[in-house]
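Dear colleague,

I am handing over a structure that I have been going through, and I would be glad if you kept it open while you read. My notes come after it.

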Amino acid sequence: MEIINTYLLSVVLASLLANFVISLYAIFFKPHYIKKIIALTIFSDTANTFAIFIGYRRWINQNPSKVPVLTDLNPRAVEEFAKLAVDPLPQALVLTAIVIGLAVILFLVFLGWILYSHYKTLDMREIRRLRG
Amino acid sequence: MKTVEVVVLIILILALALLITVGFEHIMPSTAVRPPAEFYLYATYNPYKLREYTVMSPEAVTAIVWDFRGLDTLFETSVFYLALIAGLALTRRLLSERAEKPGHGLSLIVKTVTRITAPMIIVVGASIALHGHLTPGGGFQGGSVIAVLPMVIIVVFSVSFLIMRGFTTSKMIIMRSLGLFGIGLTAIALFLVSLIQGTHAYVFQNMIKPDAQTSMPIYIAGALISGTLWFFNLFEMFAVAAGFSIAFIVLMLARTLQVEER
Amino acid sequence: MSSLKSILRVFLIFLLAFAIYTIYTGSLTGYDIVTGVLVSIVVSVVFSGMIIKNPLKPLNAIRWFYLITYAILYFTYYETKAHVDVIKRILHPKTPVNPAIIETYYNANSDYAITTIANSITNTPGTVVVEIDETRKAFYIHWIDAKTLDPLEAKREIFESFEKFARRIFD
């Protein structure tokens with residue numbers, strides 16, 4: 001039973017790795033600016049999911065691992081919460097990362113608009129040729 | 001042809017997963033969490049044993065975001081603000097907003113449904129932000145939900161409609177700045193108070209620390225507000241909602257102008 | 001009179017906003033009530049002019065009676081009928097579809113009535129309102145099995161009963 005759980009978690013990990021590879025390929029080799037931005041968002045979302053995945057906690061003796069939110073406020077519930085809840089730190093860092101990623105995307109989109117109004121195209125091959 | 005590629009990809013992933021299961025089991029999540037996480041989970045709401053380190057918030061993520069690692073979040077907020085300012089600087093020639101005749105927008109059906117859902121979006125966003133220290137959510141999430149409304153209005157009605165109703169970028173920047181001002185003030189509030197009282201406290205301090213005994217109020221009229229967390233969530237909601245609205249408005253104005261130039 | 005009406009309007013939106021806030025929050029402690037009331041007051045003052053024009057309509061019990069009857073009838077009878085019809089077409093070996101976009105004319109005045117009719121048509125599988133022309137009062141409906149192209153007959157087939165209820169509720 002344990003080995004099946006590990007295998008299922010490994011599938012998640014392997015899919016995340018595949019996602020990394022695909023999005024990196026798209027960032028480097030797709031010629032269109034918007035497609036590069038889309039690939040970048042996929043890349044950052046994969047990284048965020050990966051962080052959440054690292055913070056997961058296995059079930060202990062068939063006790064489901066908990067969300068890092070306390071629902072009861074008595075001393076016993078606090079002790080049990082500390083034993084069973086998943087890691088809240090990656091979630092908090094991901095929250096920060098999403099905002100910063102969003103800021104970067106926002107800036108890139110504005111930059112793309114300027115790029116378009118200069119060159120009348122967003123195709124990177126064209127822009128490279130026009131410059132050189 | 002596409003199906004073959006997809007099937008090959010799936011088989012590759014499953015094989016890689018098998019490899020990881022057999023060879024690298026130690027990198028998988030285990031039944032224990034890392035030591036800092038153990039401390040955060042134990043200290044997030046613990047007035048019983050860790051009175052001098054607790055945040056008094058049942059929500060561990062918000063406790064980390066706005067207290068244990070509060071300075072990170074402060075700088076993150078400023079990064080977002082800087083990106084916004086950079087975007088506005090790049091598109092500054094658009095900012096002479098002319099309130100023209102609003103465009104056609106989508107059909108009557110979509111407009112009517114949007115009119116009904118508009119207050120609901122705001123209310124749900126406010127609920128997420130105001131319960132950020134009790135349930136999952138917080139200022140950023142609530143603000144993003146509220147920022148859905150200007151986006152929907154831009155798509156369904158038009159950007160001129162939004163500007164004619166008074167939601168100009170300059171007003172949004174004022175709201176955003178007020179939110180950021182509130183965040184900054186909350187961050188140094190306890191420091192200022194203890195300066196007046198003659199005791200000492202740290203910047204960004206929330207609850208009592210072993211060597212600084214002043215504390216923000218934990219309860220207001222019997223309701224748990226977890227000191228600074230409630231104020232941070234509230235101000236962050238305004239700041240984020242206004243910030244996103246600016247971005248949408250400027251982007252759509254850019255598009256409108258481009259159509260005119262053609 | 002008009003000021004009384006606008007106060008009534010604000011109050012109705014306040015009730016809607018507070019109900020949504022409470023349902024979404026899922027608890028009713030003192031903190032929830034106080035914040036909910038404050039948020040709902042702000043929202044209702046901002047949005048009251050946008051949602052309700054005549055505040056006496058939502059206070060009419062007969063309209064509510066028709067609304068509830070319509071909801072029950074729609075979600076049990078009309079939905080089931082349309083679903084069964086589409087399922088038959090999908091499972092049939094020949095997939096007997098005869099799709100077409102037809103023009104029909106509705107007869108309702110208020111925005112809410114028109115929206116109710118259009119959404120009722122779209123929500124039943126097999127028929128979708130693709131476009132609406134307000135000046136000619138016309139719906140353009142994509143129909144999976146266009147039995148007729150005549151506007152009046154198509155209306156009788158698709159949405160005459162929806163329109164009857166919608167006019168009683170909202171007009």
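Predicted model: local features only at pLDDT ≥ 70, side-chain atom pairs only at ≥ 80, totals over all residues.

Residues are numbered from 1 along each chain as its sequence is written, and chains are lettered from A and ligands numbered from 1 in the order in which they are written.

Chain A has five helices and zero strands, in the order α-α-α-α-α along the sequence; helices (H or I, at least four residues) and strands (E, at least two) are DSSP runs, numbered from the N terminus. The C-alpha trace of chain A spans about 70 × 35 × 15 Å along its principal axes.

Of the 132 residues in chain A, 20% are buried, a residue being buried if 20 or more other C-beta atoms lie within 10 Å of its own, exposed if 12 or fewer, and partly exposed in between, with C-beta atoms placed from the backbone. Among the contacts in chain A with a separation of 6 or more, 52% join residues 24 or more positions apart, where two residues are in contact if their C-beta atoms, placed from the backbone, lie within 7 Å.

As for confidence, chain A has a mean pLDDT of 86, with 98% of its residues at 70 or more; pLDDT is the predictor's confidence in each residue, from 0 to 100. Within chain A, confidence is highest in helix 2, at 92, and lowest in helix 5 (residues 124–131), at a mean of 79.

A:Asn61, in the loop between helix 2 (33–54) and helix 3 of chain A, has a positive phi near 50 degrees although it is a residue other than glycine, and it counts as exposed because 5 other C-beta atoms lie within 10 Å. C:Thr95, which is not a glycine either, has a positive phi of about 40 degrees; this residue lies in the loop between helix 3 (61–91) and strand 1 (100–105) of chain C and is exposed, with 8 other C-beta atoms within 10 Å.

Apart from neighbours within four places in sequence, B:Thr21 is in contact with A:Ile3, A:Thr6, A:Tyr7 and A:Ser10. In helix 2 (residues 35–43) of chain B, the buried residues include B:Ala37, B:Tyr40 and B:Leu41, and the cover over the buried residues of that helix includes helix 3 (75–84) and helix 4 (88–119) of chain A together with helix 3 (60–68) of chain B.

Finally, 25 residues of chain C are in contact with 19 residues of chain B. On the side of chain C that touches chain B, helix 2 of chain C gives the largest share, nine residues.

With best regards
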